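Please look over the sequence and the structure shown below. The notes that follow go through a few of its parts, grouped by topic.

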Amino acid sequence: MVWLRRDLRLGDLPPLAAATTSTDSSVLVCFVVDPTLEKSAGERRLAFLFDSLRELNGKLDGKLLVVRGRPESEIPRLARLVDAESVHISEDFSPYGKRRDESVAENLGDTALEATGSPYLVSPGRVSKDDGTPYKVFTPFYKRWRDHGWRKPAASSVGGGQLVDPASLKEPVRIEIPAAPTELPYPAGEDAALARWAEFVSHDLVDYDAARNDPAADRTSRMSAYLKYGNIHPRTLVRDLGGGPGAQAYLRELAFRDFYADVLHNWPHSLWHNWNRQFDGIDLDTDAKAHERFEAWKAGRTGFPLVDAGMRQLAESGFMHNRVRMVAASFLVKDLHLPWWWGAQWFLDQLIDGDMASNNHGWQWAAGTGTDAAPYFRVFNPEAQAKKFDPGGEYIRRWVGDTDAEDYPEPIVDHKAEREEALRRFGQI
């Protein structure tokens with residue numbers, strides 16, 4: 001059996017390669033729609049998931065088995081149903097994933113749960129200091145991560161004659177892949193991932209280092225959602241990177257993805273709590289007025305054009321340019337003094353590419369409560385950021401329109417005053 005999770009593809013898929021070492025072996029490829037994860041995913045993430053499953057089912061000639069239920073019950077049941085010798089997976093390092101897989105392994109009994117590979121270039125836990133302890137700061141992690149290196153893409157495929165047809169199973173276990181609950185601005189799946197990556201490499205990679213901070217030009221790769229669901233493995237991306245500044249800047253972003261997964265692996269509490277527990281004592285606003293400001297932030301009606309443009313882009317498209325994500329996040333925690341996890345949850349609700357490790361630790365970077373060595377008193381000035389990264393106002397006009405219009409709101413706070421207030425609260429702890 002091959003149990004797919006965040007690896008919805010056929011190419012460069014180590015668990016599939018491990019399950020098909022013998023050409024005469026029969027393989028059941030399955031996916032479990034887990035109600036726990038389904039409940040916590042926003043509509044756009046579910047749409048991307050279901051569309052990815054549909055594409056994969058087509059590639060498997062309709063022989064992808066999709067079931068719904070708790071994996072610790074469903075996977076052992078399916079394994080017994082096909083008399084599986086082993087169940088092959090990509091290793092999951094998230095807190096929930098580790099607990100789930102431990103339960104599945106226990107319930108499988110004598111049937112082995114074999115993990116081969118992971119969704120990362122370098123799996124969490126592989127990069128550590130000389131004394132074996134994990135890195136707390138990105139830069140030294142990055143150097144050791146590069147020195148560690150990674151394998152080449154795996155050769156993986158499965159012939160139609162090797163696939164177990166779910167229709168042949170004795171029990172009616174299959175469900176129809178659910179309809180996407182909302183429309184997406186771009187297609188999901190392995191073919192779309194490969195096509196998008198080829199387009200980016202051809203047109204935008206060479207000057208990615210300079211262009212990636214321009215939200216109006218939007219020269220980013222848009223590969224984050226494809227990586228989130230494993231429509232493509234980062235090894236496939238790295239294979240096409242050269243040694244130029246653009247390529248090296250892109251490699252650094254892939255390293256950040258691995259770093260945050262490593263942080264979560266080593267400090268699982270940091271998913272929804274401050275990595276630096278010193279900040280548990282900082283004063284946050286959570287009263288009725290705070291909730292009103294939170295709603296204004298979500299709606300893109302703060303009176304700060306760059307923040308509002310980003311929030312409206314998010315609400316309309318399920319995406320926000322990374323530079324603007326940092327500005328919008330800083331505004332929520334430093335200007336509005338709201339809990340970073342309020343913003344992190346909203347992003348996960350709205351984003352197509354919502355990845356908990358990257359999203360939540362990115363939020364802690366903005367809040368100053370995470371692993372980043374920069375101090376809490378780094379506060380983005382939304383107006384200065386707009387002048388620097390959207391000097392012609394093109395991005396703001398695209399998503400906000402005329403900021404001089406009568407219906408555009410006045411600023412809901414005074415940035416200078418709230419920056420000083422943020423520093424005062426920091427000084428208290």
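Strand S2 (residues 29-33) is largely enclosed by the rest of the structure, because 5 of its 5 residues are buried. The model is a predicted one. The points below cover this strand, then a pair of helices, then a residue in a loop.

**Strand S2 and its partners**

- Val 29, Phe 31 and Val 33 point one way from S2, while Cys 30 and Val 32 point the other way, and all are buried.
- Strand S1 (residues 2-4) runs parallel to S2 and is joined to S2 by 3 bridges.
- Val 2 has Val 29 of S2 as its bridge partner.
- S2 is also joined to strand S3 (residues 65-68) by 4 bridges, and these two strands run parallel.
- Opposite Val 33 stands Arg 68 in S3.

**Helices H11 and H16**

- The axes of helix H11 (residues 245-266) and helix H16 (residues 356-367) cross at roughly 90° and come within 9 Å.
- H11 is therefore roughly perpendicular to H16.
- H11 contributes Arg 257, Tyr 260, Ala 261, Val 263 and Leu 264 to the contact, and H16 contributes Ala 357, Ser 358, His 361, Gly 362 and Trp 365.
- By class, this contact has 6 nonpolar, 3 polar and 1 charged residues.

**Asp 372**

- Asp 372 lies in the loop between H16 and helix H17 (382-389).
- With a relative accessible area of 30%, Asp 372 is partly exposed.
- Apart from its neighbours within four places in sequence, Asp 372 is in contact with Trp 365 and Arg 378.
- From C-alpha to C-alpha, Asp 372 and Asn 276 are 10.0 Å apart in space, and they are 96 residues apart in sequence.

Note on methods. Residues numbered from 1 in each chain as written. Predicted model: local features only at pLDDT ≥ 70, side-chain atom pairs only at ≥ 80, totals over all residues. Heavy atoms only, no water. Axes fitted to C-alpha atoms, helices over the stretch in contact; angles between N-to-C directions. Parallel < 35°, antiparallel > 145°, perpendicular 65-115°, else oblique. Contact = heavy atoms within 4.5 Å. Nonpolar A, V, L, I, M, F, W, Y, C, P; charged D, E, K, R; others polar. Buried < 20%, exposed > 50% of the residue type's maximum accessible area, 1.4 Å probe, protein only. Pairing = 2+ DSSP bridges.
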